[in-house]
Amino acid sequence: MSAAAVTLTVNGRERRLLVPVDETLLASLRDRLGLTGAKLGCNQGVCGACTVLVDGRGVRACLTLSAIAMASR
(Lines give C-alpha, C1' and ligand atoms only; values in the text may rest on other atoms or scores of the structure.)
Protein backbone atom coordinates (compact mmCIF):
# COMPACT_ATOMS: atom_id res chain seq x y z
CA MET A 1 0.00 0.00 0.00
CA SER A 2 1.31 3.45 -0.79
CA ALA A 3 1.73 6.22 1.72
CA ALA A 4 1.49 9.99 1.64
CA ALA A 5 3.45 12.58 3.59
CA VAL A 6 1.05 15.06 5.17
CA THR A 7 1.60 18.13 7.28
CA LEU A 8 -1.14 19.06 9.73
CA THR A 9 -1.35 22.10 11.94
CA VAL A 10 -3.24 20.96 15.01
CA ASN A 11 -3.94 23.42 17.82
CA GLY A 12 -1.24 25.72 16.45
CA ARG A 13 1.42 23.02 16.27
CA GLU A 14 2.71 21.66 12.96
CA ARG A 15 2.81 17.87 12.74
CA ARG A 16 4.28 15.80 9.89
CA LEU A 17 3.01 12.28 9.29
CA LEU A 18 3.45 9.50 6.78
CA VAL A 19 0.01 7.92 6.39
CA PRO A 20 -1.49 5.23 4.16
CA VAL A 21 -3.37 6.89 1.30
CA ASP A 22 -6.64 5.30 2.46
CA GLU A 23 -6.38 6.47 6.11
CA THR A 24 -9.09 8.83 7.34
CA LEU A 25 -8.37 12.10 9.02
CA LEU A 26 -10.12 10.74 12.11
CA ALA A 27 -7.74 7.77 12.30
CA SER A 28 -4.72 10.02 11.84
CA LEU A 29 -5.82 12.36 14.61
CA ARG A 30 -6.83 9.66 17.08
CA ASP A 31 -4.37 6.83 16.38
CA ARG A 32 -1.25 8.64 15.26
CA LEU A 33 -1.48 11.88 17.24
CA GLY A 34 -3.41 10.68 20.29
CA LEU A 35 -6.05 13.40 19.90
CA THR A 36 -9.28 11.77 21.03
CA GLY A 37 -11.64 14.75 21.02
CA ALA A 38 -13.22 13.76 17.71
CA LYS A 39 -15.16 10.52 18.11
CA LEU A 40 -16.15 7.73 15.77
CA GLY A 41 -19.93 7.59 15.88
CA CYS A 42 -21.94 6.41 12.91
CA ASN A 43 -18.94 6.20 10.50
CA GLN A 44 -21.27 7.53 7.78
CA GLY A 45 -20.89 11.29 8.30
CA VAL A 46 -24.39 11.69 9.70
CA CYS A 47 -24.02 12.09 13.47
CA GLY A 48 -21.29 14.77 13.52
CA ALA A 49 -19.26 13.21 16.36
CA CYS A 50 -16.14 13.28 14.17
CA THR A 51 -16.45 16.88 12.98
CA VAL A 52 -13.18 18.84 12.95
CA LEU A 53 -12.20 22.18 11.45
CA VAL A 54 -10.07 22.16 8.30
CA ASP A 55 -9.15 25.68 7.25
CA GLY A 56 -12.04 27.04 9.32
CA ARG A 57 -14.61 24.73 7.75
CA GLY A 58 -16.27 21.82 9.56
CA VAL A 59 -15.60 18.46 7.89
CA ARG A 60 -16.55 14.91 8.83
CA ALA A 61 -13.19 13.35 9.70
CA CYS A 62 -14.55 9.80 9.38
CA LEU A 63 -15.17 10.36 5.66
CA THR A 64 -12.21 12.59 4.81
CA LEU A 65 -8.92 11.02 3.81
CA SER A 66 -5.90 12.61 5.48
CA ALA A 67 -3.96 12.83 2.23
CA ILE A 68 -6.84 14.53 0.41
CA ALA A 69 -7.63 16.94 3.24
CA MET A 70 -4.08 18.22 3.22
CA ALA A 71 -3.75 18.24 -0.59
CA SER A 72 -6.69 20.64 -0.87
CA ARG A 73 -4.86 23.33 1.07
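Reply: Leu33 touches Leu8, Val10, Arg15, Leu17 and Ser28, leaving aside residues up to four places away in sequence. This is a predicted model, in which local features need pLDDT of at least 70, side-chain atom pairs count only at pLDDT 80 or more, and totals for chains, interfaces and linings use all residues. Residues are numbered from 1 along each chain as its sequence is written, and side-chain values use heavy atoms, with hydrogens and water left out.

Me: What makes Leu33 and Leu17 count as touching?

Reply: A contact means heavy atoms within 4.5 Å, and Leu17 is among the residues that Leu33 touches. The C-alpha atoms of Leu33 and Leu17 are separated by 9.1 Å, but the definition refers to heavy atoms in general. Along the chain the two residues are 16 residues apart.

Me: Why is Leu33 called buried?

Reply: Buried means under 20% relative accessible area, exposed over 50%, and partly exposed in between, with a 1.4 Å probe and protein chains only. Leu33 has a relative accessible area of 11%, and therefore it is buried. Its place is in the loop between H1 and S3. Buried residues make up 36% of the 73 residues in the chain.

Me: How do you know which stretches are helices and which are strands?

Reply: Both are DSSP runs numbered from the N terminus: helices are H or I runs of at least four residues, and strands are E runs of at least two. The chain has 2 helices and 4 strands, and from the N terminus on its elements run β-β-α-β-β-α. Just after H1, Gly34 takes a positive phi of about 70 degrees.

Me: What makes S1 and S2 a pair?

Reply: Two strands pair if DSSP finds at least two bridges between them. S1 and S2 have 8 bridges in the antiparallel sense, and Thr7 has Arg16 in S2 as its bridge partner. The two strands form a hairpin with 2 residues between them, and Asn11 in the turn has a positive phi of about 55 degrees. S3 and strand S4 (residues 57-60) also meet the rule, with 4 bridges in the antiparallel sense; there, Thr51 stands opposite Arg60. Their hairpin likewise has 2 residues between the strands, and Asp55 in it takes a positive phi near 55 degrees.

Me: Why is a group of residues called a nonpolar core?

Reply: The name applies to a set of buried Ala, Val, Leu, Ile, Met, Phe, Trp, Tyr and Cys residues joined through side-chain atoms within 4.5 Å. The largest such core here has 19 residues, and Leu25 and Val52 have the most contacts inside it. At least two residues each come from strand S1 (3-10), strand S2 (13-20), helix H1 (25-32), strand S3 (51-54) and helix H2 (66-71). S1 gives the largest share, 4 residues. Residues that Val52 touches include Leu25, Leu29 and Ala61. In H1, Leu25, Leu26, Ala27, Ser28 and Leu29 are buried. In soluble globular proteins, nonpolar side chains tend to be buried together.

Me: What makes Glu14 and Arg16 a salt bridge?

Reply: A salt bridge is a side-chain nitrogen of Lys or Arg within 4 Å of a carboxyl oxygen of Asp or Glu. For Glu14 and Arg16 the closest N and O atoms are 2.9 Å apart, so the pair qualifies. Glu14 is partly exposed at 48%, whereas Arg16 is exposed at 65%. The whole structure has 2 salt bridges. Glu23 and Arg32 also meet in one, at 2.7 Å from N to O; Glu23 counts as buried at 14%, and Arg32 as partly exposed at 39%.

Me: How do you know whether the chain agrees with a compact globule?

Reply: The radius of gyration is taken over C-alpha atoms, and the globule rule is 2.2 Å times the number of residues to the power 0.38. With 73 residues, a compact globule would have a value near 11 Å; the chain has 11 Å, so it agrees. The C-alpha trace spans about 30 × 30 × 25 Å along its principal axes.
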